[in-house]
Amino acid sequence: MPEIFVEGGHRLRGELYVQGSKNAVLPILAAAVLPEGETVLTRVPVIGDVAVSLEILSALGVSVSFADGRLTLCADSLCSAEVPQELGARMRSSVLFLGSLLGRRQEVRTAFPGGCAIGSRPVGLHLSVLRQLGAEIFSEGDRLCGRVEQFTGGTVTLPSPSVGATEQALLAAVSAAGETLLRGAAREPEVQILCDFLCACGAKIRGQGTGEIRVTPAPLHGCHFEIPGDRIAAGTYLAAAAATSGDVTVRGIFPAQLRSSLAVFRRLGCLVDEGEDWVRLIREGALRPVSRLETEPYPGFPTDMQPLILPLLALASGESRLWENLFENRLGLAGELNRMGADIEVHDRLAVIHGVESLAGCPVAAHDLRGGAGLLVAALAARGDSHITGRKYMERGYEEPERNLAALGAVIRCSGESGQRRGKREEARWRNSDR
C-alpha cells in the first residue's frame with residue numbers, strides 16, 4: 001500500500017497551475033452518454049474517479065480516447081444500460097448515470113454508489129427527482145434499477161439544495177418531454193458548470209446559479225468544453241501555504257468561487273490577494289483562532305474545505321469552534337490530528353479546538369479524500385517526519401499532489417509507484433484506444 005512520507009517544517013513558496021475540477025468533470029462524464037457525435041473535454045484531471053468513470057463509459061460502449069488532459073468521447077455506439085457492479089460501487093458519482101442512461105436508453109441497472117465514508121449520503125433525493133419526472137425506480141438485490149418510456153417535464157422540488165440531486169434532475173430534464181422547473185436547486189459552481197456543458201451541447205437552461213432552474217430540452221450534440229479549475233484543490237494548496245508560513249500563488253481558478261474560503265484564511269490572519277484567475281496567500285505571523293465557523297451550502301463555507309482548515313485551527317493560538325452541518329462523520333480527522341499533538345474535542349457535529357504551539361510528525365491514516373489532504377496539510381506544518389497511509393483516497397481527487405507540493409518546496413515522497421507515473425500509466429491505457 002503506497003504511503004506518503006513528509007518531512008515537516010519547510011516553508012512553501014512559488015506558483016502552480018491547478019488541475020481541472022474533480023467535482024465538475026464527474027457529472028459531465030455521466031452526461032456524456034447523451035449527445036450525438038463527438039465530445040472533446042480539455043483540462044481533464046488524471047485522478048482515480050475519472051479513471052473509474054472512463055471504465056464505466058467504456059463498458060457501456062462509449063468510445064474513449066484520453067491523452068495529455070484531452071478526452072475525446074463518442075456515445076453513438078452506446079450498447080448497454082448496465083453499469084458494472086464493481087465499478088458503480090467504487091464512487092459516489094456513479095449514481096448520476098441513472099438519469100443520463102434513463103434518458104438515453106429508457107432503462108438502467110447500477111450498483112448502489114460508493115465513495116468516502118464521511119456520512120450516510122442517502123440516494124433518496126436522487127430517486128425522488130427521477131420519480132417526479134416519471135421514472136420507475138426499484139431495487140433488485142444490491143442493484144438499483146429504473147425504467148421510463150420518456151421523462152415528462154414538470155416541476156421538481158428539492159427539500160434541500162443537494163448538489164448531486166440537482167445534477168441528477170438536470171441530466172434527466174434535458175431528455176424530458178416538455179419544460180422542467182427545478183425548485184430548491186443547489187447553487188454550487190459545479191452545478192453551473194454542468195449547465196454550461198449541457199448548453200454547449202444544445203440544451204436550453206436558465207437560472208443556473210439560483211435556486212430555480214428551468215430546462216427546455218433540445219437535441220443534444222457533441223461539443224468542445226474546457227473543465228474549469230478545481231476550487232477545492234486550489235484551497236488545499238492555499239491551506240498548505242498557510243500551515244507552513246508560506247507564500248503561494250494558485251493560478252487557473254475563479255477567485256469568486258473561493259470567496260467564503262478566502263474569507264476564512266483572512267480571519268486566520270493570512271494575507272490574501274487575488275486577480276482575474278489567480279489567488280496568492282502569504283502568512284507572516286501567527287494563526288488566529290476563529291470563534292465560530294460553520295459549513296454551509298454554496299455560497300457558504302464548503303464542507304470539502306473543512307478538513308483543510310481544521311489543521312490550521314489546531315495551530316491557532318486560542319479556542320476555535322467549528323460546526324460540520326452537512327456530513328455527520330466528517331470530523332473524524334480530529335482523532336488523527338490529536339495523534340500529532342492537536343487538542344480537539346468533538347461533540348457530535350461540533351469541534352472545539354484549543355490551539356497548540358506545534359504539531360509533531362507521526363504515522364497517521366487517511367480514511368477519506370479530503371481528510372487525507374488535511375493530514376498532508378498538518379504533516380507539512382509538523383515538527384519531524386510523518387507518514388500517511390491511505391493514499392488511495394487522495395488519488396481519487398488530486399492529480400500529482402506530491403509533485404506539486406515538492407515544486408513549492410515541500411520535502412515529500414510516495415512509496416511504491418509515484419503518483420505521476422501512475423497517472424501517466426492511466427492516460428496511456430486510454431490513449432487512442434477508441435474503445
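This is a predicted model: local features need pLDDT of at least 70, side-chain atom pairs count only at pLDDT 80 or more; totals for chains, interfaces and linings use all residues.
Visitor: How many bridges join strand 7 to strand 8?

Guide: Five bridges join them, and the two strands run antiparallel. Strand 8 covers residues 143-147.

Visitor: What is the strand order in the open sheet of four strands?

Guide: That order is 21-22-1-23, and the pairing is mixed. Strand 21 (363-365) and strand 23 (411-414) are the edge strands, each pairing on one side only. The twist averages 20° from one strand to the next. Strand 1, residues 4-7, runs antiparallel to strand 23, with four bridges between them. Opposite Glu7 stands Val411 of strand 23.

Visitor: How is a helix read, and what span does helix 12 reach?

Guide: Begin with the general idea. An α-helix has 3.6 residues a turn, so residues three or four places apart point the same way. Then take the case. Helix 12 runs over residues 369-381, which is 13 residues, and spans 19 Å from its first C-alpha to its last, close to the 18 Å expected. At its start, a side-chain oxygen of Asp368 comes within 3.3 Å of the backbone nitrogen of Arg370.

Visitor: Is helix 12 mostly covered or mostly open?

Guide: Helix 12 is mostly covered, with 13 of its 13 residues buried.

Visitor: Which residues of helix 9 are buried, and what covers them?

Guide: In helix 9 (residues 259-267), the buried residues are Ser260, Ser261, Leu262, Val264 and Phe265. Their cover includes helix 8 (231-243), strand 15 (271-274), strand 16 (278-282), strand 17 (293-294) and helix 10 (306-314). Just after helix 9 comes Gly269, with a positive phi of about 100°.

Visitor: Where is Ser80 found, and is Ser80 buried or exposed?

Guide: Ser80 is in the loop between strand 5 (70-74) and helix 3 (85-88). Ser80 has a relative accessible area of 18%, so it counts as buried, since the cut-off is under 20%. A polar atom of the Ser80 side chain lies 3.1 Å from the backbone nitrogen of Glu82. Leaving out residues up to four places away in sequence, Ser80 touches Ala59, Leu60, Leu101 and Arg105.

Visitor: How many disulfides does the structure hold?

Guide: The structure holds zero disulfides. Cys145 is in none, and the nearest cysteine sulfur, that of Cys79, is 18 Å away. Cys195 is also in no disulfide; its nearest cysteine sulfur belongs to Cys199, 6.5 Å away. A disulfide needs the two sulfur atoms within 2.5 Å.

Visitor: Are Cys145 and Cys195 buried or exposed?

Guide: Cys145 is buried, at a relative accessible area of 3%. Cys195 is buried too, at 0% relative accessibility.

Technical notes
Residues are numbered from 1 along each chain as its sequence is written. Side-chain values use heavy atoms; hydrogens and water are left out. Two strands pair if DSSP finds at least two bridges between them. Axes are lines fitted to C-alpha atoms, for helices over the stretch in contact, and angles run from 0 to 180 degrees between N-to-C directions. The expected span of a helix is 1.5 Å times one less than its number of residues. Buried means under 20% relative accessible area, exposed over 50%, partly exposed in between (1.4 Å probe, protein chains only). A polar contact is a pair of N or O atoms within 3.5 Å; within protein, one must be able to donate a hydrogen and the other to accept it, and residues adjacent in sequence count only if both atoms are side-chain atoms. Contact means heavy atoms within 4.5 Å.
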